[in-house]
Amino acid sequence: MTYILAIDQGTTSTRAILFDAGMQVAGTAQQEFTQHYPQAGWVEHDPEEIWDTTVAVCRKVMADLDASAADIAGIGITNQRETTVVWDKTSGKAIHNAIVWQDRRTAAICEQLRQAGHEDMVADRTGLLLDPYFSGTKVKWILDTVPGARDRAAAGDLLFGTVDSFLIWRLTGGASHVTDATNAARTLMYDIRKGRWSRTISDLLDVPQQMLPEVKDSAADFGTTDPEILGGPVPILGVAGDQQAATIGQACFQPGMMKSTYGTGCFALLNTGDEPVVSKNRMLTTIAYQLDGKPTYALEGSIFIAGAAVQWLRDGLGIIEQASDSGELALRADPGQDVILVPAFTGLGAPYWEPDCRGGMFGLTRNSGPAEFARAALQSVAYQTRDLYEAMRADWEDDSHHTVTLRVDGGMSASDWTMQSLSDILGAAVDRPVMQETTALGAAWLAGMRAGIYPDQTGFADTWKLDRQFAPLMQPAAREAAYGRWQRAVQAVIGV
C-alpha cells in the first residue's frame, strides 16, 4: 500500500490519519493533551506534550495498519494557527509554554501599537488587525518576559515558529526551520503582497528576523524525517494552517467559494482569487493557499467560541453528558422563549474585535432552563456566522461572483439541527460534504499532489461529494427579527 500521512495538530488534540492512494481514510489515531490556564484570559500548551502526542499518534496509526515508513509517500501537516513557540535551536527545548491563539495576554501591547498609529500600516502589509490573536505580539511578550531571552534571541540562539514549524524542526532533527505561506500570513509579521517577512513590523515588535522560519509554498519540500522517529525517512511535502487546509479539503478553489469550519471556534474563509481584497468591515485578508509561488487570497472571519460553547454546556454547566446531546436538548426548548447567548468568553472576534468584553445571556424568564440554554448556545454559532457572512458579502464587490457557495465542516457540522439553524439564520443554502475529514484531507492532498500520487486541483475538486444541503425554512421576517435581537445583545456586552 501507498499512504499519505496527515498530521492534524489541533487546539485540544493531535491526530494522525493515513489516507490511501484513493484519498480515503485508512486509519486514524488521536490523543488529547492538557490545556493550561495560568490566569484569566491566558491559554497555554506544553510544546513537549504536543510533540509527544504527535509522535505517539503517528506511530499508533502506522502500527494499526502495519504500515512502515517505506509505505508512506509523504507527510502533510495541518496545525492550530497563531499558537506561538520559541525554542533553543541547540537543545530544541521551548523557553516558555506555547501561547495559544485564544490567549489574550497581549491586549495591552496591541492597544499601545494602535495608539501609536501603527494599525493601518500593519493591516496594509499583513491583512490583519492589531489583536492578541496573532503570533507577533506573543513572540514579543515571550522575549520581554523570559529572563535572558532578548539577549539569546539577539545572539541567534532562539527560533520562533507556529506549531507547524516546531513540529517540522523536531521531525527533521533540527535540519529544517520552515513554514508555509498560510501560517506565515497569520504571524502579524509577513507581507502578504510581497511574499516576505516585513522588517518594518518585526523591528516594531523587536523580533529579530533570524528567529523567523523560511517561508515555502503550501506544497513543497519541507525536509525529511529523522529515520528514528517513524522507522525510516519520510518526506514532508505539504503544510497549511488548519483553516486553510479545510478550505483546500473542501475544494474551494474558485472565487466565491466559502467554507466555514466549526470546531473549538468557527472560521470562515471566502476565496477572492489572485488579488487581496481590503476589508471595510474588519474582516481579515489572508492567504488561502500558495502553489507554484502564486498565492490565492481569501477574506477570513474568526469566531473564538463555537464548539467551545457546547463544551461549556457540558463541562461548565453540566447540563449535557456529551457534546452530541446538545441538538436533542435544543429541540425541547420552549419556542415561545427568545433566549440569546453571546459567548464572548474570551472576547469577540470578527467583525467586532473586542478582546476585553465578556459573555452574556439575554431574554431569560423564570421558565428558562437547560433546553433553552442549549438552543441559545447552538444558535449563537449561527448568529456569529451571519455576522461574518454579511461582512464578507459587503467587502466582496465583484458582481460577476456575487453568489456565495457555503460549504461546512468540523465537529458541529454533523448536527442536523445546528446546520438547519445556520441555514435559517443566514437565509442561504448550506452544503455539507460526505468527507468530514476536510482539514486533514487538505493537508494530505497537498502532500499527495506533491508526491505525484494525487490529482491536480481540477481532478481533486471533481472528487468532492455532497452529503446534504440544508435550505432555509424560517420566514424572512422571523429571521430578521431574530438577528436583530442578536445584534442588540452583542452591543450590550460590548457596552459593559
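Modeller: D66 sits in the loop between helix 1 (47–64) and strand 5 (72–79). Keep in mind that this is a predicted model.

Colleague: Is D66 buried or exposed, and how do you know?

Modeller: The relative accessible area of D66 is 70%. Exposed means over 50%. D66 is therefore exposed.

Colleague: What makes the backbone of D66 worth a mention?

Modeller: Its phi. The phi of D66 is near 55°, a positive value, and D66 is not a glycine. Most residues other than glycine have a negative phi.

Colleague: Which value does phi take in E82?

Modeller: E82 has a positive phi of about 70°, and E82 is not a glycine either. E82 lies in the loop between strand 5 and strand 6 (84–88).

Colleague: Why is E82 called buried?

Modeller: The relative accessible area of E82 is 1%. The limit for buried is under 20%, so E82 counts as buried.

Colleague: Which residues does S135 contact, beyond its neighbours within four places in sequence?

Modeller: E82 is one of them. S135 itself lies in helix 4.

Colleague: What makes S135 buried?

Modeller: Its relative accessible area is 0%. That is under 20%, so the word buried applies to S135.

Colleague: Which helix packs against helix 4 (residues 135–145), and at what angle?

Modeller: Helix 2 (residues 107–115) does, at about 110°. The two axes are 10 Å apart.

Colleague: Why is helix 2 called roughly perpendicular to helix 4?

Modeller: The angle is about 110°. Roughly perpendicular covers 65 to 115 degrees. So helix 2 is roughly perpendicular to helix 4. The crossing of these helices is right-handed.

Colleague: Which residues make that contact?

Modeller: From helix 2, I109, C110 and L113. From helix 4, T137, K140 and W141. By class, the contact of helix 2 with helix 4 has 4 nonpolar, 1 polar and 1 charged residues.

Colleague: What about C252: how far is its sulfur from the closest cysteine sulfur?

Modeller: It is 13 Å from the sulfur of C266, again too far for a bond. C252 is buried too, with a relative accessible area of 0%.

Colleague: How many disulfides does the rule give?

Modeller: The count is 0 disulfides.

Colleague: Which angle do helix 13 (residues 370–395) and helix 14 (residues 416–426) make?

Modeller: They cross at roughly 40°, and their axes come within 9 Å.

Colleague: What makes helix 13 oblique to helix 14?

Modeller: Under 35 degrees would count as roughly parallel, and roughly perpendicular starts at 65. The angle here is roughly 40°. So helix 13 is oblique to helix 14. The crossing is right-handed.

Colleague: Which residues of helix 14 take part in the contact?

Modeller: W417, T418, S421, L422, I425 and L426. Helix 13 brings R375, L378, Q379, A382, Y383, T385, R386 and Y389. They divide into 8 nonpolar, 4 polar and 2 charged.

Colleague: Why is helix 6 (residues 163–171) called largely enclosed?

Modeller: Of its 9 residues, 9 are buried, so helix 6 is largely enclosed by the rest of the structure. Among them are D164, F166, W169 and R170. G173 follows helix 6, with a positive phi near 65°.

Colleague: Is V434 buried or exposed, and what decides it?

Modeller: V434 has a relative accessible area of 53%. Over 50% means exposed, so V434 is exposed. V434 is in the loop between strand 21 (430–433) and helix 15 (438–451). Beyond its neighbours within four places in sequence, V434 contacts K465, L466 and D467.

Colleague: Which residues does a cis peptide bond join?

Modeller: A350 and P351, with omega about -5°. Most peptide bonds are trans. P351 lies in the loop between strand 18 (340–342) and strand 19 (360–362).

Technical notes. Residues numbered from 1 in each chain as written. Predicted model: local features only at pLDDT ≥ 70, side-chain atom pairs only at ≥ 80, totals over all residues. Heavy atoms only, no water. Disulfide = S-S within 2.5 Å. Buried < 20%, exposed > 50% of the residue type's maximum accessible area, 1.4 Å probe, protein only. Axes fitted to C-alpha atoms, helices over the stretch in contact; angles between N-to-C directions. Helix = DSSP H or I, 4+ residues; strand = E, 2+ residues; numbered from the N terminus. Parallel < 35°, antiparallel > 145°, perpendicular 65-115°, else oblique. Left-handed = near helix turned anticlockwise from the far one by under 90°. Contact = heavy atoms within 4.5 Å. Nonpolar A, V, L, I, M, F, W, Y, C, P; charged D, E, K, R; others polar.
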